[in-house]
Amino acid sequence: MTKKNKTRHRLNELLVELFNYILYIEEKNLKDRGVTLTMSEVHLLESVSKAKNNNVTSIASKMMITKGTFSINASRLEAKGYLRKYRDENDARVVRMEITDKAKEVLKIHDKFHEVLIDRAIDDLDLQDNEILNQSLESILKYLRSEYKVISKDMN
């Protein structure tokens with residue numbers, strides 16, 4: 001195996017393993033702090049909290065899920081007291097979402113986990129290394145976004 005192929009193979013292993021560990025440990029971290037939500041539910045809350053346009057269509061699109069899937073999960077979170085749905089003041093056809101104080105507490109725990117994770121990732125790197133890491137991850141993200149556009153276009 002060439003050095004380049006070894007590097008490619010190892011990078012693939014690292015990305016898959018990182019993804020799996022992050023999901024597992026993050027969910028365990030939340031459960032240990034009394035949060036009974038799934039990671040999907042927490043990420044939905046995060047998407048609502050960060051949404052520039054907080055209507056159902058925009059948030060579902062940003063999350064890369066259907067409006068139906070979003071609505072079902074949002075209704076569950078609303079019933080649990082984490083979300084509030086309301087009608088747009090100017091257009092009653094538009095449903096908007098906002099998180100509750102209960103959700104803000106969950107997101108504090110979630111954000112702290114990510115803060116520690118990122119600090120650990122960059123602690124041993126100098127500024128130039130951080131920039132190279134960011135550029136590499138941006139390149140991967142750019143590729144994934146372009147693939148998503150092709151796939152989602154084919155589905156419509």
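In these legends, Ala, Val, Leu, Ile, Met, Phe, Trp, Tyr, Cys and Pro count as nonpolar, Asp, Glu, Lys and Arg as charged, and the others, Gly among them, as polar. The model shown is predicted.

**View 1. Residue classes in the lining of the largest pocket.** The lining holds 25 nonpolar, eight polar and eight charged residues. The volume of this pocket is about 2,200 Å³. Its lining comprises 41 residues, and F19, I22, H114, L137 and L141 are the closest to the pocket centre.

**View 2. Helices around the largest pocket.** Two or more lining residues come from each of α1, α2 (39-50), α3 (56-63), α5 and α6 (127-155). The most are given by α6, which supplies twelve residues.

**View 3. Crossing of helices α1 and α5.** Helix α1 spans residues 3-32 and helix α5 spans residues 101-122. Their axes come within 10 Å and cross at roughly 135°. Angles over 145 degrees count as roughly antiparallel and those from 65 to 115 as roughly perpendicular; α1 and α5 are therefore oblique to each other. The crossing is right-handed.

**View 4. Residues in the contact of α1 with α5.** From α1, the residues in the contact are I22, I25, E26, N29 and L30. They meet V106, I109, H110, F113, H114 and L117 of α5. By class, the contact has seven nonpolar residues, three polar and one charged. I22 of α1 and H114 of α5 take part in this contact, and both are among the residues closest to the centre of the largest pocket.

Notes: Residues are numbered from 1 along each chain as its sequence is written. This is a predicted model: local features need pLDDT of at least 70, side-chain atom pairs count only at pLDDT 80 or more; totals for chains, interfaces and linings use all residues. Side-chain values use heavy atoms; hydrogens and water are left out. Axes are lines fitted to C-alpha atoms, for helices over the stretch in contact, and angles run from 0 to 180 degrees between N-to-C directions. Helices (H or I, at least four residues) and strands (E, at least two) are DSSP runs, numbered from the N terminus. Angles under 35 degrees count as roughly parallel, over 145 as roughly antiparallel, 65 to 115 as roughly perpendicular and the rest as oblique. A crossing is left-handed if the near helix is turned anticlockwise from the far one by less than a right angle, and right-handed if clockwise. Contact means heavy atoms within 4.5 Å. On a 1 Å grid over the protein atoms alone, a cavity is a set of points where a 1.4 Å probe fits but cannot get out, and a pocket is an open set with protein on both sides within 12 Å along at least five of seven lines; lining residues have an atom within 4 Å of a point. Grid points are joined across faces, edges and corners, and a volume is the space filled by probe spheres set on the points.
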